[in-house]
Amino acid sequence: MKMLTKKIEKTLNDQINAELYSSYLYLSMSADLNGRGLAGFAQWMKIQAQEELYHAMKIYDYVLERGGTPSLGGIDAPPSKWKSPLEIFKAAYKHEVKVTGLINKIVDLSIKEKDHATNNFFQWFVKEQVEEEASADEIVQKLKLVGSSGNALFVLDKEMAARPPLFTFPVSGE
Ligand code: FEO
């Protein structure tokens, strides 16, 4: 199989950066949620940060597999404060829509450059983005329903805590 073209290699490296930024952004959102005493929402968002790290690693490994060279640039600092939990999830949804646009551009480029392997590889991400947008939007809708009810927010926070982590770290000292 032919190696990645320089243009595709550069775009994939940019996408590794975008996924790592997403991870950074969601970890920052998780910290904000934690500061509000919403441990369940914070946990959900922390797992979302893990998902993004996984996405970055998936592309990193693909670049290597195709004989390319991963090149890691600086990661921008994400915002650290939002107005409300609703604003956080609205921002997360908006961010996912932006990432979908980036993924679609990669697929467009792979078609233009007749790189069928990259096209095929990124179909997984096309499907993943449908889920990513839907899950963020679902929480936006729930938070809108909850409105200013502290009780309902508390119940929803418990529900959010049920999301299982993608991976766990060993406890320090063991
Ligand atoms: Fe890596 Fe949330 O898309």
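Predicted model: local features only at pLDDT ≥ 70, side-chain atom pairs only at ≥ 80, totals over all residues.
Two residues are in contact when heavy atoms of theirs lie within 4.5 Å.

Select serine 28 first. This residue belongs to helix α1, which spans residues 6-35. Leaving aside residues up to four places away in sequence, serine 28 touches Pro78, Pro79, Ser80 and Trp82. Is serine 28 buried or exposed? Its relative accessible area is 13%, and because buried means under 20%, serine 28 counts as buried.

Next, select Met29, Leu33, Phe41, Met45 and Phe89. These belong to the largest nonpolar core, a set of 21 residues, and they touch the most other members. Which elements give two or more residues to this core? They are α1, α2 (39-65), α3, α4 and α5 (150-160).

Keep methionine 45 selected and display its surroundings. Residues up to four places away in sequence again excluded, methionine 45 is in contact with Tyr26, Met29, Ser30, Leu33, Ile88, Phe89 and Ala92.

The last stop is lysine 114. This residue is found in the loop that runs between α3 (85-112) and α4 (116-146). With a relative accessible area of 66%, lysine 114 is exposed, since the term applies to values over 50%. Most residues other than glycine have a negative phi. Lysine 114, which is not a glycine, has a positive phi, near 55°.

Note on methods: Residues numbered from 1 in each chain as written. Heavy atoms only, no water. Helix = DSSP H or I, 4+ residues; strand = E, 2+ residues; numbered from the N terminus. Buried < 20%, exposed > 50% of the residue type's maximum accessible area, 1.4 Å probe, protein only. Core = buried A, V, L, I, M, F, W, Y, C linked by side-chain atoms within 4.5 Å.
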